[in-house]
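Biologist: I am new to this structure and would like to be guided through it. Could we look at it together?

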Amino acid sequence: MTRESAGSDQPWTSFSFGPSFPLTRPGAETHYTGHFMTEPLEDIKGVLLDLDGTIFVGDRLIPGAADAVDALRRGGLPLRFGTNITRMSRLALVNRLSEMGLEVEPAEVFTAPLAAAAWLEKKGLWNLSLCVPEATHADFGHFKINETSPQAVVVGDLGEAWDFARLNGAFRHIMEGAEFVALQRNRYWDTGDGPALDAGAFVTALEYATGREAMLAGKPSAMFFQAAAESMGVDPFNLAVVGDDPGTDVAGAHACDAAAILVRTGRFSEGDLTSNIPQPDLILDSVATLPSALGVGF
Ligand SMILES: [Mg+2]
């Protein structure tokens, strides 16, 4: 049985709760939200951890994050660190985490470009027009760049490299029938020197002009979470998604039938629990208590 088939049209409210539910074990510091699963989290075979707000805030790890990751590893759970950050390469992210005190393998970092590449590969779309920053090109290294008649246009944060010719070229390809994939659709980002247009502004311009809707590769798209689960060899149903953002992490988990765990760090606010947005299956004070909630690391 899938979570979605459990009897409600809202997958995250379709669970019942048993008194022996393992998440209530001492030390798990769980919080009853009214949304429970019949499937114990012992069925979790892989964990997808959000980075910003969940593993670190600013340039500091959340206290206990490194020990928690260590415990999950010792518990034998495959991990992915899933992020919508597209401005840094995988290796740059790995180095940044290392500087903060968390050692992560490049293969454990899962990004929107990787989700897009997995989807394009599955569809057999090998000829691409890439409107993405140079740092991201490596993630599409096994594809062919074709700026004449691509099968798909991939749009990311091209930043200052955008000009009329690039935008109009993407517009024409999409009008001619190429698939339209957006790595993310953030409106703007803070450069430290004021806000700057992010990929979403260009994605929306192309959507407006073409009348087509972009396929979103980053969170909260199901494409992202499914591809991350697949990269671990785990069925999405057996995946725990851990994050601080109901709109991206929890919504995405529900979209692919994974368990959603919300942490009270980063951008979490108590208002998230009462508002009309996707509710998690479980809430933890921070990632530090995740191993005990999953029954590992005792
Ligand atoms: Mg986050």
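The conversation below goes through the chain as a whole, its sheets, some helices and a few single residues.

Biologist: What kind of model is this?
Modeller: It is a predicted model.

Biologist: How many helices and strands does the chain have?
Modeller: The secondary structure comes to 8 helices and 15 strands.

Biologist: And what share of the residues is buried?
Modeller: Of the 298 residues in the chain, 46% are buried. As for contacts between residues at least 6 apart in sequence, 65% of them join residues at least 24 apart.

Biologist: Let us turn to the sheets. In what order do the strands of the 6-strand sheet come?
Modeller: The order is S5-S4-S1-S13-S14-S15, in an open sheet with parallel pairing. S5 and S15 (282-284) stand at the edges with a single partner strand each, so one side of each has no neighbour in the sheet. On average, and ignoring direction, neighbouring strands of this sheet are turned by 25° against each other.

Biologist: How many bridges join S1 to S4?
Modeller: There are 4 bridges between S1 (residues 46-50) and S4 (residues 79-83), and the two strands run parallel. Asp50 stands opposite Gly82 in S4.

Biologist: Which strands does helix H7 lie across?
Modeller: H7 (residues 246-255) lies across S1, S13 (239-243) and S14 (259-263), and it runs at about 160° to S14.

Biologist: What comes between H7 and S14?
Modeller: A loop that contains Asp257. The phi of Asp257 is near 75°, a positive value in a residue other than glycine.

Biologist: Is Asp257 buried or exposed?
Modeller: Asp257 is buried, because 20 other C-beta atoms lie within 10 Å, and 20 or more count as buried.

Biologist: Now the sheet with 5 strands. What is its order?
Modeller: The order is S7-S6-S8-S9-S12, again an open sheet with parallel pairing. Its edges are S7 (144-145) and S12; each has a single partner strand, so one side of each is left without a neighbour in the sheet.

Biologist: How is S8 joined to S9?
Modeller: By 4 bridges, with S8 (residues 152-155) and S9 (residues 179-182) running parallel. Between them the chain passes through helix H4 (residues 164-175), and this β-α-β crossover is right-handed. Val153 stands opposite Phe180 in S9. H4 packs on the sheet, where it touches S6, S8 and S9, and its direction makes about 145° with that of S6.

Biologist: Which residues does Ala182 stand opposite?
Modeller: Val155 stands opposite Ala182, and Ala182 also stands opposite Leu216 in S12. S9 and S12 (residues 215-216) run parallel and are joined by 2 bridges.

Biologist: What about helix H5?
Modeller: H5 (residues 199-210) lies across S8 and S9, running at about 145° to S8.

Biologist: I should like to change topic to helix H3. What span should its 12 residues have?
Modeller: At 1.5 Å a residue, H3 (residues 112-123) should span 16 Å, and its end C-alpha atoms are 17 Å apart, which agrees. After H3 comes Gly124, with a positive phi near 70°.

Biologist: What do the buried residues of H3 pack against?
Modeller: They pack against S5 (109-111), S6 (127-131), S8, S9 and helix H6 (222-231). Among these buried residues are Leu114, Trp119 and Leu120.

Biologist: At what angle do H3 and H6 pack?
Modeller: The angle is about 80°, and the axes are 9 Å apart. The two helices are therefore roughly perpendicular to each other. Residues of H3 including Ala115 and Trp119 meet residues of H6 including Met223 and Phe224.

Biologist: Where is Pro220?
Modeller: Pro220 is in the loop between S12 and H6. The peptide bond that joins Lys219 and Pro220 is cis, with omega about 5°.

Biologist: Last, where does Gly53 lie, and what is it in contact with?
Modeller: Gly53 lies in the loop between S1 and S2 (56-57). Beyond its neighbours within four places in sequence, Gly53 is in contact with Asp244, Asp245, Thr265, Gly266 and Arg267. Gly53 and Arg264 are 211 residues apart in sequence, yet 9.1 Å apart in space, C-alpha to C-alpha. Gly53 is partly exposed, with 19 other C-beta atoms within 10 Å.

Terms used: Residues are numbered from 1 along each chain as its sequence is written. This is a predicted model: local features need pLDDT of at least 70, side-chain atom pairs count only at pLDDT 80 or more; totals for chains, interfaces and linings use all residues. Two strands pair if DSSP finds at least two bridges between them. A crossover is right-handed if, with the strands pointing away from the viewer, the path from the first strand over the helix to the second runs clockwise. A residue is buried if 20 or more other C-beta atoms lie within 10 Å of its own, exposed if 12 or fewer, and partly exposed in between; C-beta atoms are placed from the backbone. Two residues are in contact if their C-beta atoms, placed from the backbone, lie within 7 Å. The expected span of a helix is 1.5 Å times one less than its number of residues. Axes are lines fitted to C-alpha atoms, for helices over the stretch in contact, and angles run from 0 to 180 degrees between N-to-C directions. Angles under 35 degrees count as roughly parallel, over 145 as roughly antiparallel, 65 to 115 as roughly perpendicular and the rest as oblique.
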